Amino acid sequence: MAADKGCPLDDKVKAIADVLSLYVDDVDAILSTVPSPSKFYRFRCRFQLLPKEENNQSFSFAIWQSGRPVEITPRSFTIACHHVIELMEKVLCVANEDSEIILWKHCQAVHFHCTTIKDAMITLIYNAPLDKVLWTSHAQQLSKACSCSVIGRSRGTKVVIGRDFVVESFSLRSLKSENASTSPLQSSRDDASNQFDDSLHILMRQPEGAFSNPNPYICKQTMEWIRDRAFQMCTEASAILELYAGAATYTPILANVFSSVTVVEVNASLVDAAQINITNNKVTDCVNIVHAPVEQCLHILHTRGHNGTSFDAVMLDPPRDGMDSSVRASLKHYKHILLLSCSPVQTFYKDLPVLCKTHHIASAVVLDHFPQTKHVEAGIHLISRSL
């Protein structure tokens with residue numbers, strides 16, 4: 001994990017606003033910004049494990065800066081959440097008191113993954129084969145000392161003490177306080193006394209080794225922005241197609257607004273996690289999963305339909321390189337487009353010249369998942385010019 005410094009949020013907002021200004025007369029009217037806490041916001045961190053002495057009896061953590069590892073102490077790494085810092089200290093304590101160094105010999109990196117509800121797992125990465133029996137005995141002691149799951153990985157080998165996932169929890173605000181309109185789906189679920197609670201509690205399984213958002217504070221804000229926009233869309237779209245859905249992080253939100261959600265994801269471990277997250281959030285009745293690359297689902301995009309369901313809205317959360325041209329060209333058929341980008345300055349320059357031929361930008365948000373770094377995410381809501 002490399003650390004970039006000196007990239008303030010204002011600079012990132014300006015870069016995105018410059019792109020949007022090519023297509024929007026008054027950017028300030030449609031662009032909002034979600035800042036991150038400046039400290040203790042990162043719940044997933046990976047460090048190189050460095051020996052301090054030639055006998056490998058004393059260890060420390062390092063991050064990559066300017067192409068080389070730079071040693072850090074846990075308490076100096078203040079972008080990590082308090083739980084990660086606590087686990088870093090415990091791991092170093094165990095490692096530096098371990099005379100046999102079974103867990104630490106050939107260990108190249110340590111990955112910490114925590115959640116806001118104090119769930120955690122530690123993954124040890126090796127550059128040599130593991131002795132599973134011997135490793136397991138020592139890893140169980142580390143698991144007990146740290147009160148969390150421990151996973152060992154070497155080429156072709158994965159050993160798990162506890163679980164190979166963590167569970168995160170998000171509680172989204174009620175929309176009633178903002179006088180938001182009620183979706184048709186929520187109206188149908190309302191009881192006779194009209195006491196429907198539109199606050200939303202989401203449980204999210206995050207598998208080891210797969211992508212999950214390391215900043216839960218901004219992840220929650222992203223969820224709430226998506227939910228706000230979905231409510232704006234639902235009177236004109238009853239079903240939505242969700243592309244690059246990952247572990248279904250946003251699917252339960254969509255499923256609580258739309259009557260049907262069809263998700264597309266290619267990664268098998270993320271599809272497995274998505275199935276569990278959809279079940280745990282009690283939205284299985286209205287969600288269908290397509291396990292395939294988005295680029296192989298162009299027939300769904302072109303026809304705006306799948307298994308008898310027609311889509312008037314689409315949401316996309318593509319990888320850093322963005323969507324390909326065939327996917328981009330297919331979006332013109334939709335009334336509403338929700339697009340998230342983890343490299344908006346680069347991808348919006350490709351996306352917006354095409355999308356803004358048929359759609360206008362109704363809303364945009366800058367999401368500072370990685371404060372004081374060059375990385376930023378953004379979301380835009382586009383509405384068909386025919387509406």
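Glutamine 372 sits in the loop between β18 (359–367) and β19 (377–384), where helices (H or I, at least four residues) and strands (E, at least two) are DSSP runs numbered from the N terminus. Glutamine 372 has a positive phi of about 65 degrees although it is not a glycine. The model is predicted: local features need pLDDT of at least 70, side-chain atom pairs count only at pLDDT 80 or more, and totals for chains, interfaces and linings use all residues. Residues are numbered from 1 along each chain as its sequence is written, and side-chain values use heavy atoms, with hydrogens and water left out.

**Backbone with positive phi**

- Most residues other than glycine have a negative phi, and most peptide bonds are trans.
- Glutamine 372 is partly exposed, with a relative accessible area of 44%; buried means under 20% relative accessible area, exposed over 50%, and partly exposed in between (1.4 Å probe, protein chains only).
- Asparagine 307 also has a positive phi, of about 50 degrees, although it is not a glycine.
- The loop between β14 (305–306) and β15 (309–310) holds asparagine 307, and this residue is exposed, with a relative accessible area of 66%.

**Salt bridges**

- A salt bridge is a side-chain nitrogen of Lys or Arg within 4 Å of a carboxyl oxygen of Asp or Glu, and by this rule the count comes to 12 salt bridges.
- Side chains of opposite charge can pair when their charged atoms come close.
- One of the pairs is aspartate 119 with arginine 163, whose closest N and O atoms are 2.4 Å apart.
- This pair links distant parts of the chain, 44 residues apart: aspartate 119 is in the loop between β5 (107–114) and β6 (120–126), and arginine 163 is in the loop between β8 (157–161) and β9 (165–172).
- Aspartate 119 is buried at a relative accessible area of 15%, whereas arginine 163 is partly exposed at 33%.
- Glutamate 224 and arginine 173 meet through their side chains in a salt bridge of 2.6 Å, N to O.
- That pair also links distant parts of the chain, with glutamate 224 in helix α6 (residues 216–233) and arginine 173 in the loop between β9 and α5 (184–189), 51 residues apart.
- Glutamate 224 counts as buried at 7% relative accessibility, while arginine 173 counts as partly exposed at 27%.
- Lysine 158 and aspartate 164 form a salt bridge through their side chains at 3.0 Å, N to O.
- Lysine 158 is partly exposed, with a relative accessible area of 34%, and aspartate 164 counts as partly exposed at 31%.
- Lys158 and Asp164 belong to a network of salt bridges that also links Arg153 and Glu208.

**Nonpolar cores**

- A nonpolar core is a set of buried Ala, Val, Leu, Ile, Met, Phe, Trp, Tyr and Cys residues joined through side-chain atoms within 4.5 Å.
- In soluble globular proteins, nonpolar side chains tend to be buried together.
- The largest core has 42 residues, of which Leu20, Leu243 and Leu316 touch the most other members.
- Helix α1 (residues 9–20) supplies the largest share of this core, six residues.
- Leucine 243 touches Val264, Val294, Leu301, Val314, Met315, Leu316, Asp317 and Val327, not counting residues up to four places away in sequence; contact means heavy atoms within 4.5 Å.
- A second, separate core has 39 residues, including Leu175, Trp225, Tyr250 and Ala255.

**A buried threonine**

- Threonine 251 lies in helix α7 (residues 251–255) and is buried, with a relative accessible area of 0%.
- Not counting residues up to four places away in sequence, threonine 251 touches Glu242, Val261, Val263, Ile278 and Val287.

**Surface patch**

- Leu22, Tyr23 and Tyr349 form a nonpolar patch on the surface, with about 310 Å² of accessible area together.
- Patches are made of residues with over 30% relative accessible area and no salt bridge, like charges being joined within 9 Å and nonpolar side chains (Val, Leu, Ile, Met, Phe, Trp, Tyr) within 5 Å; accessible areas come from the Shrake-Rupley method with a 1.4 Å probe, and for residues only the protein chains shown count as cover.
- Tyrosine 349 is in helix α11 (residues 344–355) and counts as partly exposed at 44% relative accessibility.

**Cysteines**

- A disulfide is a pair of cysteine sulfur atoms within 2.5 Å, and by this rule the count comes to zero disulfides.
- Cysteine 219 is in no disulfide, and the nearest cysteine sulfur, that of cysteine 342, is 13 Å away.
- Cysteine 342 is likewise in no disulfide.
- Cysteine 219 is buried, with a relative accessible area of 3%, and cysteine 342 is buried, with 16%.
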